[in-house]
Amino acid sequence: MNFSSKLLEDAVNEFSKLPGVGQKTALRLVLHLLNKEQEEVEHFGNAIVRLRKEIKHCGICHNISDNHICEICSAAKREKEVICVVEDTRDVMAVENTSQYFGVYHVLGGLISPMDGVGPSDLFIDSLVQRVATTPVKEIILALSATMEGDTTLFYLYKRLKDFQIPITTIARGIAFGGELEYADEITLGRSIITRVPYENSLIK
């Protein structure tokens, strides 16, 4: 792609580093910003810079937050004894959008994937085990994507948590195999939360 400006080229190259954004889409975005008032563009840029500098992760559940403890963990009306374990913040948002879950969360920060070099020690699994060991918990919901990595992580978590004698459930398979939680529609995901089943039922005896 030939550019008439090095500044334009540099901006397009930076935008094209974003996931799912090719050079043509990046060019459209950059040209769109060029047509905006300088104040709007500065506000856009400052929001990104502030995000990177000031964002925090909840000290309890590891969700993205503005404060040391996120709004969900600090909310008095949430059921603190029910923990929904998810892969990342996008899955927290997906479950919250169903309006069918009123407990708290634990964000793993990924899934176990030996092919990608991601092992249990790379995730927030030890902090989940410690959380279960030190706080009253009456149910753990494993709400992970229906993929090979998700199933591997489910089984590992079950092995780490089963000795606590706490009900461990998983969302019903309204989510097709290979599907990711964030792309599930709200009704399907909501029903999967409501009709969750004991994880051990899915194990081959």
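Helix α6 passes helix α7 in a right-handed crossing, a crossing being right-handed if the near helix is turned clockwise from the far one by less than a right angle, and left-handed if anticlockwise. Helices here are DSSP runs of H or I of at least four residues, strands are runs of E of at least two, and both are numbered from the N terminus. The axes of α6 (residues 126-134) and α7 (residues 148-161) cross at roughly 35 degrees and come within 11 Å; these axes are lines fitted to C-alpha atoms, for helices over the stretch in contact, with angles running from 0 to 180 degrees between N-to-C directions. On the α6 side, Asp 126, Leu 128, Val 129 and Val 132 take part, and they meet Leu 157, Arg 160 and Leu 161 of α7, where contact means heavy atoms within 4.5 Å. Sorted by type, the residues of this contact come out as five nonpolar, two charged and no polar. For that sorting, Ala, Val, Leu, Ile, Met, Phe, Trp, Tyr, Cys and Pro count as nonpolar, Asp, Glu, Lys and Arg as charged, and the others, Gly among them, as polar.

The model is a predicted one, in which local features need pLDDT of at least 70 and side-chain atom pairs count only at pLDDT 80 or more, while totals for chains, interfaces and linings use all residues. Residues are numbered from 1 along each chain as its sequence is written, and side-chain values use heavy atoms, with hydrogens and water left out.

Taken as a whole, the chain has eight helices and seven strands. Of its 205 residues, 38% count as buried, that is, under 20% relative accessible area, with exposed meaning over 50% and partly exposed in between (1.4 Å probe, protein chains only). As for contacts between residues at least 6 apart in sequence, 56% join residues at least 24 apart.

In soluble globular proteins, nonpolar side chains tend to be buried together. The largest nonpolar core in this chain has 39 residues, and the members touching the most others are Val 85, Tyr 101, Tyr 105, Ile 140, Leu 157 and Leu 161. A nonpolar core is a set of buried Ala, Val, Leu, Ile, Met, Phe, Trp, Tyr and Cys residues joined through side-chain atoms within 4.5 Å. At least two residues of this core come from each of α4 (71-74), β3, α5, β4 (103-107), α6, β5 (139-142) and α7. Strand β3 supplies the largest share, five residues.

Ile 83 sits in strand β3 and counts as buried because its relative accessibility is 1%. Leaving aside neighbours within four places in sequence, Ile 83 contacts Tyr 101, Val 104, Tyr 105, His 106, Leu 128, Arg 131, Val 137, Glu 139, Ile 140 and Ile 141. Between Ile 83 and Val 132 there are 9.0 Å from C-alpha to C-alpha, although the two are 49 residues apart in sequence. Tyr 105 has its own list of partners beyond four places in sequence, including Cys 61, Ile 72, Ile 83, Val 92 and Arg 131.

Another core stands apart: a second, separate one of seven residues, with Leu 8, Val 21, Ala 26 and Val 30 among them. Val 30 belongs to helix α2 (residues 23-34) and, at 7% relative accessibility, is buried. Beyond four places in sequence, Val 30 touches Leu 8, Ala 11, Val 12 and Phe 15. Its C-alpha lies 6.4 Å from that of Val 12, 18 residues away in sequence.

The loops have some details too. Asp 88, in the loop between β3 (79-86) and α5 (89-96), counts as buried because its relative accessibility is 15%. Its side chain makes a polar contact of 2.7 Å with that of Arg 90; such a contact is a pair of N or O atoms within 3.5 Å, where within protein one must be able to donate a hydrogen and the other to accept it, and residues adjacent in sequence count only if both atoms are side-chain atoms.

Phe 102 lies in the loop between α5 and β4 and touches Lys 77, Arg 78 and Glu 79, not counting residues up to four places away in sequence. Ser 99 is in the loop between α5 and β4, and its phi is near 60 degrees, a positive value in a residue other than glycine. Most residues other than glycine have a negative phi. Ser 99 is exposed, with a relative accessible area of 52%.
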